[in-house]
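Reader: Can you walk me through this one? I'd like to start with the helices.

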Amino acid sequence: MATVDQHRVLRTSIPGPRSIELHARKAAAVSAGVSTGLPVYVERAGGGILVDVDGNQLIDFGSGIAVTTVGNAAPRVVERVRRQVEDFTHTCFMVTPYAEYLELCEALNALTPGEHEKRSALFNSGAEAVENAIKVARHHTGRQAVVAFDHAYHGRTNLTMALTAKSMPYKHRFGPFAGEVYRAPMSYPFRWPGGPADCAKESFDVFAAHVHAQVGEDNVAAVILEPIQGEGGFIVPAPGFVAQLREWCSEHGILLVADEVQTGFCRTGDWFASEHEQVVPDLVTTAKGMGGGLPIAGVTGRADVMDSVHSGGLGGTFGGNPVACAAALGAIETMREEDLCARARAVEALFLPRLQALAARFPQIGDIRGRGAMLAVELVRGAGDLTPDPVLTAAVGRTCHAQGLVTLTCGTYGNVFRFLPPLAADDDLLREGLDVFEAAFEAVCAATPA
Ligand code: PLZ
């Protein structure tokens, strides 16, 4: 296996000439609907470095949107995948099964929150996992309504578009959307009227009153929540909100679905973000980091709920593909043996003081939030003005990109700069990435003061 030197190297401008050449072919071959945040064409990758076709080495602060938690081309993933590809590539678990599917379900049942008996089913993408969690919840409860939150992101398929909050780019002119999906107010401390303390006191009651009045508890099959919202802006609900939600769901026979597609598998410093408040969801959706870069997703939940579905009711041709299962088993082994939950907490400890020092100098940083290696800053006009500043956010992103740092933004208002480094990146690489980010932030702010 080729190891990739863990340093940033700029040989050309970013993107370089070969990337520009490839990108010119994109318009003629790829649907215009599929966009690229940074048109640098990758040739190789390892740990926290992406090597492009021009020989540039970029620091990765995005992990392919929270996927390469174990690092890109992680050795245990590569080895297991290589062996599996040589053995067999597909049978379809619904036709002739194989042990790797069972092993991954056993791992999911053991690792997800709660000591109760669990069952799992495997799928190909986060959206597909969410769809299936909702199918199971409706089937089990005999109810139809599903409640999702403001700022939620759950995918791009028809049902998950309905669950996703943001119109542009995800939903714009793609309707009609699936029915019986209701939106409820999110516990968003930074933007709660009266601020974070009031949010902690009020947000759950506001949520519960809303569902009571507009949906009716008895009609609700499930509430789906990202324990830390991802695409919507790395929004961490006020302390206690998720625990109160858990209790309320139990009281009303409503299933709590934790969408841990982005937060799961060590990203937030625990195996699952629900654990932070000792919350045990009825169903958990997983994908992204679980597969170490290969497409695999799961729904894991209470055995009585998951087993209530009739035989043949769940499935799909590729769900739990053996190569993807092998990759996931290699990723989980890596997380365990390298204690990547602890590593995520160490990443938080490395990032937070740097972000706090920057915030002390720049009022444009309105909020710093997140957990583990899922951190973000929300950018505003500054000096007491909480108006979102997506222009500043995008400019900082472009400046980072030009300097060979792959960064992502998010947020309903496009004004959240997020950090999702691979947990395989060493401290020196993370520090260098932060140097690049800080310099970019300073340069952009100097050009357009608050
Ligand atoms: N649930 C919480 O974060 C995927 C989407 C990127 P898929 N988030 C990245 C984009 O613009 O498409 C996500 C998520 C949560 C579900 C999903 C959906 O997962 O694997 O992209 O389908």
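Author: Helix α11 (residues 340–361) and helix α13 (residues 427–447) pack at an angle of about 20°, with axes 11 Å apart. Helices here are DSSP runs (H or I, at least four residues) and strands are too (E, at least two), numbered from the N terminus. Axes are lines fitted to C-alpha atoms, for helices over the stretch in contact, and angles run from 0 to 180 degrees between N-to-C directions. This is a predicted model: local features need pLDDT of at least 70, side-chain atom pairs count only at pLDDT 80 or more, and totals for chains, interfaces and linings use all residues. Residues are numbered from 1 along each chain as its sequence is written, and side-chain values use heavy atoms, leaving out hydrogens and water.

Reader: How are α11 and α13 oriented to each other, parallel or antiparallel?

Author: Roughly parallel, so α11 and α13 run that way together. The cut-offs: under 35 degrees is roughly parallel, over 145 roughly antiparallel, 65 to 115 roughly perpendicular, and the rest oblique.

Reader: What about α3 and α10?

Author: The axes of α3 (residues 75–87) and α10 (residues 322–337) come within 8 Å and cross at roughly 155°. Therefore α3 is roughly antiparallel to α10. The crossing is right-handed. That term applies if the near helix is turned clockwise from the far one by less than a right angle; anticlockwise is left-handed.

Reader: New topic. How many residues surround the ligand?

Author: There are 15, and the closest are Gly126, Ala127, Arg156, Asp259 and Gln262. To count, a residue needs a heavy atom within 4 Å.

Reader: Which side chains have an N or O atom by a ligand nitrogen?

Author: Asp259 has one 2.7 Å from a ligand nitrogen. For Lys288 the distance to a ligand nitrogen is 3.1 Å. Arg156 has a side-chain N or O atom 2.7 Å from a ligand oxygen. A polar contact is a pair of N or O atoms within 3.5 Å.

How values were computed:
A polar contact is a pair of N or O atoms within 3.5 Å; within protein, one must be able to donate a hydrogen and the other to accept it, and residues adjacent in sequence count only if both atoms are side-chain atoms.
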